Amino acid sequence: MPVLAGRELRIVGFLCNWCSYGGADTAGVGRFTQPTDLRIIRVPCSGRIDPLFVVKALLGGADGVLVSGCHPRDCHYASGNFYARRRLEVLKGMLPILGLEPGRFEYTWVSASEGQRWQHVVTSFTEQIHTLGPSPIKTAFGLGMTTAMSAMPEGGKHAAA
Amino acid sequence: MKIGVFVCHCGSNIEGTVDTAAVARASMLFPEVSHAEDVMYSCSEPGQEAIIDAVRTHGLDGVVVASCTPRMHEPTFRRAVERAGLNRYMLEMANIREHVSWIGKDRTANTNKAADLVRIAVEKLRRNRPLTPKSFDITRRVLVIGGGVAGIQAALDCADGGMEVVLVERTSSIGGKMAKLDKTFPTVDCSSCILGPKMVDVAQHPNITLYAYAEVEEVAGYVGNFNVKIRKKASYVDWVKCTGCGACMEKCPSKKSLDRFNESLGGAPAINIPFPQAIPKKAVIDAGYCRQFIKGKCGVCAKICPTGAIDYKMQDEVVEEKVGAIVAATGFDLFDHSKYGEYGGGRYPDVITALQYERLLSASGPTGGHVKRPSDGKEPKTVVFIQCVGSRDKSVDRPYCSGFCCMYTAKQAILTKDHIPDSQSYVFYMDIRAPGKMYDEFTRRAMEEYGARYVRGRVSMIVPQNGKYLVRGADTLMGSQLEVEADLVVLAVGAEAAVGSPQLAEKLRISYDKYGYFMESHPKLRPVETNTAGVYLAGCAQGPKDIPSSVAQGSASAAKVLGLFSKQKLESDPQISQVNLQRCVGCGKCETTCPFGAIHMIDFRGQEKAEVIETVCQGCGICAVTCPQGAIQLEHFTDNQILAEVEALCQF
């Protein structure tokens, strides 16, 4: 993977169960190779995603946050993604006010059939985060990124970034 | 709380790129994890037994299974933990196959990621609480959308099973594309002779309510209790009075309306019964061509109608039906062949689609079964068939195989020889795809017995020349160019999703692929179910299919409906919103944002509070984000649970 190149950053993904989580599954079933930086949190609908979750992740030291839901008008819950779009658009405008780089947050629409599109979204967003580099919040608070594996006594050598 | 973690090898699917044993070891360090192991196949019988055993021996309160996607096996493992005596919601899954092992090759990175995903699941599970589903009554009626052969089959099977069926068809008669066919492959039996009786059965079945010339306007509700609004389009003919005598058709002075049943070969009167075997056999006025509507004077049909059924002032009518399940069988449309400019489709009168040719072959067609060129009515002697027009062609955004074109072309080549014994057929093909029962034998018969000449190659262009058409193409097996002087060119146009499919999918809240075909829940194991409970699929709405497959799917979806209705009561999903009455200030924001009207305001000891109607709530959680007080929470996806997952990813 060109993006990974021995170092991994931390990207939190919030995906709706019906479209984008399914799309990520489809990408897996199709064996569409992707960078491993992204960790996915499954939520029922993009409308369930409180913008504060995104802020919480970014303030907590995540290097990037990716939200993905169903395409507009194709929501399992009729209009959840419209609520998501409105809320997340407002959030996008507010991130600089909070002192967060807006490039670290992105929202997109991927349907359950679009495995290839998911691969593209993950790869390009991961590239974007790698261009921005590790989160300044992490450096400011002296946080060191560890992984679950590196918490292990003998697992330290696996620690990325 | 004592948590058990089970990391699945999935054979080599996961173990190949993830060190599952290391993930299990790492899991032991996560809070409240008291047992962790890696298992070969956790979904198998021994795998599930291992989970059940561990729950019992170690006294576990919750289980994390790190394996495939929860969309695949969450129900399986929920049943397993239930068998072990736990509540089924005390299970979390980490998707380390689709989201880890299948998309990355770096074993170290994958192992890291898998362990992280387990950590998220553990943190979520720590905040799970047992949930109990409630049961509710179901309406034992089914809505079938689309009256093609798949919809007819589904409707008849459900009706025979004792269920009430509401069948909605967009056009004025059921029958769909199959009714337009002359013969069917590979038996070459008469299409309308086998479909006709089924159509009559639909009309006569006491359990079937047929709404022809109607469309589904709105779908509300949930499995077991859907409320459907159906728009009965204005036909300007009172169908109660209309006897289908056809006198109006004969006297109508306008013959310019599109003859849709005959694929626009020739015109039709503005008041029309599409074909003699139509069910229901009722007339419809095409207002776009009727002189009464265009010029405001004519009224011939009103004068002639013996029963006084004509009503020029008729309006659309919306009826409401309550159903418990829905079968979507909206079929397909044909690819617009005019996109292939080199074939001259739409410009040259004798370059026609296969379905138009089918009407020319049909005894009930516009030519009475005599094959005549549309341009001059002459009998064609050389007929060229071109395959894969709008199939398997990325350049027109139709990369998929439509599946039945090879077969209907072979059938038409055979029928051409039957109709015109001194004719010669040429078939330009890319590959012959004839995988069904007796299919390959059939195409061979077209070549060997009926002398159709199969040429492997694409046609580069068609040029009109001396009243004929010069078809220039390549014979890739011979490695040479080929020119054929054709009297008639028949394009084997591919299938595409029916017009309006995405809009209907949105109403039904089901997914559709980028071509507009409805998506099944699982391509192999749940082929007629959708991700929306209670909505099933049949026929070409799901993807191109031949008649046997459409009928099989129609019956399959009917079986699913009957299975659903065989339960006395359905269980509601307890993953729904709950209001904390102490926190709720009664602002009503949740009430206005809920897309399902599942929240209403109640008076609680003199104060206004929100209340969730449990059977209506779908569990999207939009309200939870809306509530400024955090008073309404979505069970199983509470703020605290999601934040715990976020923290698991960020905290060190």
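B:C190 is partly exposed, at 24% relative accessibility (buried is under 20% relative accessible area, exposed over 50%, partly exposed in between, with a 1.4 Å probe and protein chains only). B:C193 is also partly exposed, at 48%. The two form a disulfide with sulfur atoms 2.2 Å apart (a disulfide is a pair of cysteine sulfur atoms within 2.5 Å). The link is right-handed, with 80° about the S-S bond.

The model is predicted: local features need pLDDT of at least 70, side-chain atom pairs count only at pLDDT 80 or more, and totals for chains, interfaces and linings use all residues. Residues are numbered from 1 along each chain, chains are lettered from A in the order written, and side-chain values use heavy atoms, without hydrogens and water.

Two disulfides are counted over all chains. The other pair joins A:C19 and A:C70, with sulfur atoms 2.4 Å apart. A:C19 is buried, at 1%. A:C70 is buried as well, at 3%. B:C248 is buried at 9%. Its sulfur is 6.0 Å from that of B:C245, the closest cysteine sulfur, which is too far for a bond.

The largest nonpolar core has 60 residues (buried Ala, Val, Leu, Ile, Met, Phe, Trp, Tyr and Cys joined through side-chain atoms within 4.5 Å). B:Y357, B:V384, B:I386, B:I462 and B:V489 have the most contacts inside this core. Another core, of 57 residues, lies apart from it and includes B:W239. B:V489 touches B:D350, B:Y469 and B:V471, among others (contact means heavy atoms within 4.5 Å).

Note on methods
Lists of a residue's contacts leave out its neighbours within four places in sequence.
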